[in-house]
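Please have the sequence and the model open while reading.

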Amino acid sequence: MEHPSCIRVAIVEDDPLFRDAVCKTLDEQPDMTLHSVATNRAEGLAMLQGTAADVLLADIGLPDGSGLDVLKAAVELWPSCAVLISTTFGDESYVMEAIALGAAGYLLKDANQMQRVEAIRTSHGGGSPISPMIARQVLSRFRHHLPVPSARIVPSLSERELEVLRYVSQGFTEAEIAGRIEVSTHTVHTYVRRIYQKLSVGSRIEAVTLARRQGWLHS
């Protein structure tokens, strides 16, 4: 008898050897049960008219059409079901379309059966398992399409402010700096406050770190 906590897994897969291997592996898992099996797109769409599974493992390349049609329909008809794509198609276009249509994960068929089982558990638990090669494709796509953050514009400092900042970087106190540049301690404090404001920093360490990055402390 099926335990109520078992993960109900539906499969859409045309390859009989692969399908039988998955079914056998699922049967060996104490926390999983086979919900239903479809061998093509038409059967997959018909299967979605029945009671929802918890996880749908779907291939893309089916003999009578695309498994992405089944994915799209599953998202509408079985909204609580996590759809996990399992395919040999690793092309970026398939990956991005599947993600856009609502796939919870994307696995290549070169994953072993236990990796597939863990992916089913992960997707059922709310995660998004993705084959490493597919994850790299997705990250690469985002890297190439995201705008490059603009460089921080750092206001220039006056010669006197730079002089004070150099002394600050060497560890001198405001009183010691005042004696070296022959001004009052109050004036040095004003310079330091102005430096912090210009550089948008709140401490001596931040000011010195930014100044080093700008190359102001080499001379």
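## Packing of two helices

Helix α3 (residues 67-77) packs against helix α4 (residues 92-101) at an angle of about 15°, and their axes lie 9 Å apart. Because angles under 35 degrees count as roughly parallel, α3 is roughly parallel to α4. Axes here are lines fitted to C-alpha atoms, for helices over the stretch in contact, and angles run from 0 to 180 degrees between N-to-C directions. Helices are DSSP runs of H or I with at least four residues, strands are runs of E with at least two, and both are numbered from the N terminus.

On the α3 side, the contact (heavy atoms within 4.5 Å) is made by Leu 68, Leu 71, Lys 72 and Val 75. On the α4 side, Tyr 94, Glu 97, Ala 98 and Leu 101 take part. The residues of this contact divide into six nonpolar, no polar and two charged.

## The whole chain

The protein chain has ten helices and seven strands. Its C-alpha atoms fill a box of roughly 90 × 35 × 30 Å along the principal axes.

Buried residues, with under 20% relative accessible area (1.4 Å probe, protein chains only), make up 42% of the 219 residues.

## About the model

This is a predicted model, in which local features need pLDDT of at least 70 and side-chain atom pairs count only at pLDDT 80 or more, while totals for chains, interfaces and linings use all residues. Residues are numbered from 1 along each chain as its sequence is written, and side-chain values use heavy atoms, with hydrogens and water left out.

Technical notes
Parallel < 35°, antiparallel > 145°, perpendicular 65-115°, else oblique. Nonpolar A, V, L, I, M, F, W, Y, C, P; charged D, E, K, R; others polar. Buried < 20%, exposed > 50% of the residue type's maximum accessible area, 1.4 Å probe, protein only.
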